[in-house]
Amino acid sequence: MDLHNVSMSDLANAVRSNKVSAAEVTKYFLDRIAALNPVLNAFITVNPHALSEAAEVDAKVARGDDPGPLAGVPVAVKDLLCTDGLRTTAASKMLENFVPPYSATVVRRLQGAGAIIIGKTNLDEFAMGSSNETSAFGPVRNPWNPEYVPGGSSGGSAAALAAGLAPAAIGTDTGGSIRQPASFCGVYGLKPTYGRVSRYGMIAYASSLDQAGPMARSTEDCARLLEVIAGHCRFDSTTAKVDVPKWSSDLNGELKGLKVGLPKECFTSEVEEDVERVTQNAIEALKKRGAEIVEVSIPLSKHAVSVYYLIATSEASSNLARYDGIRYGYRADFRGRTSVDLEEFYSRTRGEGFGHEVKRRIMLGTYALSAGYYDAYYRKASQVRRLLRDQFLKVFEQCDVLLTPVATSPAFKLNSRLMDPIAMVMNDVFTTSANLAGIPAMSCPAGFSRDGLPIGVQLMAKHFDEARLFQVSFALEETLEREERVPHVF
Amino acid sequence: MLDKETAVKVARLARLKLDDSELENYSKVLSAVLEHFNQISEIPTDGVEPLVTPTEMPVSVREDVVEKSVDSSRIVEAAPEMTGRLFKVPPVV
């Protein structure tokens with residue numbers, strides 16, 4: 001049986017009802033990874049204990065114990081989340097050999113639900129990038145066309161899903177890092193409300209923006225994954241003490257009375273024709289299901305990228321100060337030296353351990369936070385951030401959900417934008433707002449470009465209203481014409 | 001805007017040893033990014049409280065109780081150099 005065509009939910013049900021063993025499922029996906037990963041480079045590390053962990057799930061099923069809602073489901077986890085005893089690199093030379101002594105809360109919850117961590121997926125170094133090209137472990141290739149990027153930074157997770165190397169994946173999103181690769185690879189990806197999912201054990205990039213979230217091949221699978229990983233965590237004081245609904249059992253694509261807002265700032269000439277066409281199709285599909293479409297305005301959203309870059313790099317320069325070469329991670333070679341100047345010790349270690357994009361962002365953040373510039377940059381950006389968030393809160397008085405493109409274009413070719421940081425930065429123009437405002441946002445597959453590359457649309461809702469995103473995503477999934485196109489690696 | 005001299009200063013603050021080509025490249029790229037950022041300097045923000053965490057929920061606190069967590073030997077194992085249960089560093093001046 002072609003297990004990679006079975007949905008995550010169906011796989012879990014099959015393992016729970018003993019129709020297939022977790023070990024068989026895990027073996028199947030390990031074999032597929034072995035065959036296809038050399039081309040795609042979606043995984044940095046495959047879990048050598050995956051089969052024995054699957055055997056434990058099977059033992060539970062055999063004993064008649066509840067193996068959990070994700071029983072036997074292999075999950076591809078972005079290599080930014082710590083896994084106890086399993087190398088966690090952040091795709092950086094700095095952490096090339098780092099084996100964490102503990103697991104992230106997200107990982108523990110997945111395992112507690114019976115999931116198998118099949119491996120750790122590739123990403124832009126420290127999640128800094130939108131194309132997966134800044135990884136110290138080489139770029140990931142897009143399964144729809146290996147000459148194209150999979151998007152980033154969660155490019156490995158998106159590519160693994162699209163190529164059927166795993167039925168479910170976890171990404172992280174600081175400025176669009178789940179949604180943009182989901183769009184480029186034709187999968188579903190959700191950035192939860194800030195505080196919905198624990199950041200404990202997730203290697204920090206920008207703490208006030210970072211959220212881990214589900215990536216999957218259907219709305220239902222996405223909802224099921226979020227049900228497992230969401231919720232208050234005592235190791236992350238910023239997680240919210242709010243209920244985690246059972247979204248997956250309540251999916252309904254009926255949209256009568258629902259107001260969908262189209263922010264006019266997101267429908268500009270910068271949006272490529274293919275993206276525009278796919279977005280309009282999605283709008284028509286929602287109308288068919290009874291939704292009312294309203295034009296809205298979020299004037300400050302056009303400044304979101306600027307605000308995002310100042311805040312994200314400032315937080316990054318502070319967060320990445322921990323990499324000092326002493327307790328873990330890379331250390332420059334000082335063997336044979338009878339004495340070392342402490343500043344030289346840090347500077348060489350960090351200069352050699354970090355890649356270009358990371359150093360660039362640390363430089364920008366350090367500058368923005370340095371004496372004399374703090375008010376003009378970081379403080380100013382944080383003030384505009386409040387104004388932007390307030391504009392979002394206001395717009396949600398006029399509509400229930402917002403619909404926009406995810407990015408101005410479908411996936412672009414490898415190496416085509418790497419030398420142009422401004423063009424690269426503008427990839428994030430529609431996605432950074434949700435992180436700044438802390439609202440949930442989702443990318444749903446909605447069609448294809450003329451070149452056969454997938455294109456998604458973005459949905460946004462007010463804080464903790466992920467239910468709306470799933471409702472609209474489900475309606476799109478039911479209504480849009482299914483194009484029976486699959487990546488060539490299938 | 002961010003000239004090479006400033007870049008040298010910032011690199012020192014960030015404890016990053018950079019070569020000449022890196023310094024040149026970063027000062028160019030960062031100048032472009034900062035120029036882009038100048039668009040927001042005109043947005044009026046007098047009296048606006050900076051937003052540092054987007055949901056502004058009450059921070060949840062818990063009792064500070066001593067409990068067993070990761071064994072210290074496992075933490076030291078991750079170090080580039082160790083001796084027994086200690087981190088080892090070169091002689092520093």
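Predicted model: local features only at pLDDT ≥ 70, side-chain atom pairs only at ≥ 80, totals over all residues.
Buried means under 20% relative accessible area, exposed means over 50%, and partly exposed is what lies in between.

B:R15 has a relative accessible area of 28%, so I log the residue as partly exposed. I found B:R15 in the loop between α1 (4-13) and α2 of chain B. Its phi is positive, about 50 degrees, although B:R15 is not a glycine.

Next I looked up α2 of chain B, which runs over residues 20-37 and has 18 residues. From first C-alpha to last I get 25 Å, close to the 26 Å expected at 1.5 Å a residue. Which residues of α2(B) are buried? I listed B:E22, B:L23, B:Y26, B:S27, B:V29, B:L30, B:S31, B:V33, B:L34 and B:F37.

**Entry: where the chains meet**

B:F37 came up again when I turned to the interface: with B:L51 and B:P54, B:F37 is among the chain B residues that lose the most area to chain A. Together these three make up 11% of what that side buries. How much area do chain B and chain A bury between them? The figure is about 5,800 Å², with 66% of it on carbon and sulfur atoms. The size of an interface is often given in this way, as the accessible area lost when the parts come together. For contacts, I noted 57 residues of chain B against 76 residues of chain A.

I then checked for charges across the interface of chain B and chain A, and the rule finds five salt bridges. I also looked up the one between B:R74 and A:D84, where the closest N and O atoms are 2.8 Å apart.

The loop between β3 (116-121) and α5 (155-162) of chain A holds A:S153. A cis peptide bond joins A:G152 and A:S153, with omega at about 10 degrees. A:F126 also has its place in the loop between β3 and α5. Is A:F126 buried or exposed? Its relative accessible area is 0%, so I write down buried.

**Entry: rings**

A:F126 belongs to one aromatic cluster with A:F98, A:Y323, A:Y328 and A:F354.

My last stop was A:T404, in strand β9 (residues 401-405) of chain A. A:T404 has a relative accessible area of 0%, so this residue goes down as buried. What is A:T404 in contact with, leaving aside its neighbours within four places in sequence? I wrote down A:P263, A:C266, A:F267, A:F430, A:V457, A:Q458 and A:M460.

Definitions and conventions:
Residues numbered from 1 in each chain as written. Chains lettered and ligands numbered in written order. Heavy atoms only, no water. Helix = DSSP H or I, 4+ residues; strand = E, 2+ residues; numbered from the N terminus. Expected span 1.5 Å × (residues − 1). Buried < 20%, exposed > 50% of the residue type's maximum accessible area, 1.4 Å probe, protein only. Phe/Tyr/Trp six-rings, centres within 6.5 Å; stacked < 30°, edge-to-face > 60°. Contact = heavy atoms within 4.5 Å. Buried area = accessible area lost by both parts, 1.4 Å probe. Salt bridge = Lys/Arg side-chain N within 4 Å of Asp/Glu carboxyl O.
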